[in-house]
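Dear colleague,

Please find below the structure that I am handing over to you.

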Amino acid sequence: MATIRHEISIDVHPKHVWAALRDIGAVHERLLPEYVVDTRIDGDVRFLTMPGGNVIRELIVTIDDEARRLAYSAVEGFQLPLTHHHASFQVLDADNGRSTLVWVTDVLPHDAADQVRPRVERGAQVIKTTIEQHHPA
């Protein structure tokens with residue numbers, strides 16, 4: 001299994017970053033506007049509608065407020081040839097009231113990491129920009 005680990009600094013207090021991440025029904029508004037056009041929750045399942053109409057079904061594995069960690073697994077709707085996907089976000093304290101967002105993604109097949117990595121990096125940058133715009137320092 002390939003593991004992709006990406007960290008990005010966000011110039012917003014961790015409580016605000018965590019609030020945006022843990023709001024699992026507002027991905028299209030608080031994290032990835034324009035990349036996700038709608039989010040729907042049904043129990044522990046999250047449905048993300050993409051701009052072209054593709055729907056990704058994700059299982060929310062855990063929301064840990066104490067650790068500020070969200071884990072999820074995309075189980076259907078892949079546009080890449082994935083047989084397994086599991087990811088987590090964790091918000092860590094950084095200097096001067098800033099945050100470090102750690103995004104860890106595990107995928108199979110192993111060679112899919114080459115296609116997933118740039119998407120994680122671009123997604124992290126969009127998340128950073130979106131959160132910073134909504135919570136200026």
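**The core and its surroundings**

L101 has contacts with H6, E7, I8, I10, L21, F89, Q90, V91 and I127, leaving aside residues up to four places away in sequence. Please bear in mind throughout that this is a predicted model.

L101 also belongs to the largest nonpolar core, which holds 37 residues. Together with L21, L31, F89, W103, I127 and I131, L101 is among the residues that touch the most other members of this core. At least two core residues each come from the strands β1 (2–10), β4 (55–64), β5 (69–76), β6 (84–93) and β7 (99–108), and likewise from the helices α1 (14–22), α2 (27–31) and α3 (113–134). The element that gives the most is α3, with seven residues.

**The helices α3 and α1**

The buried residues of α3 are A113, V116, V120, G123, A124, V126, I127, K128, T130 and I131. These buried residues pack against β1, α1, α2, β6 and β7.

In α1, the buried residues are P14, V17, W18, A20 and L21. Viewed down the axis of α1, they fall within an arc of 160°, so they line one face of the helix. As background, an α-helix has 3.6 residues a turn, so residues three or four places apart point the same way.

Strands β2 (residues 38–42) and β3 (residues 45–49) pair in the antiparallel sense, over five bridges.

Is E58 buried or exposed? E58 lies in strand β4. Its relative accessibility is 6%; the limit for a buried residue is under 20%, and therefore E58 counts as buried. The side chain of E58 is joined to that of R46 by a polar contact of 2.7 Å. Apart from residues up to four places away in sequence, E58 touches D44, V45, R46, L48, Y72, S73, A74 and V75.

With kind regards

Note on methods. Residues are numbered from 1 along each chain as its sequence is written. This is a predicted model: local features need pLDDT of at least 70, side-chain atom pairs count only at pLDDT 80 or more; totals for chains, interfaces and linings use all residues. Side-chain values use heavy atoms; hydrogens and water are left out. A nonpolar core is a set of buried Ala, Val, Leu, Ile, Met, Phe, Trp, Tyr and Cys residues joined through side-chain atoms within 4.5 Å. Buried means under 20% relative accessible area, exposed over 50%, partly exposed in between (1.4 Å probe, protein chains only). Helices (H or I, at least four residues) and strands (E, at least two) are DSSP runs, numbered from the N terminus. Contact means heavy atoms within 4.5 Å. Two strands pair if DSSP finds at least two bridges between them. A polar contact is a pair of N or O atoms within 3.5 Å; within protein, one must be able to donate a hydrogen and the other to accept it, and residues adjacent in sequence count only if both atoms are side-chain atoms. The arc is that of the directions from the helix axis to the C-beta atoms.
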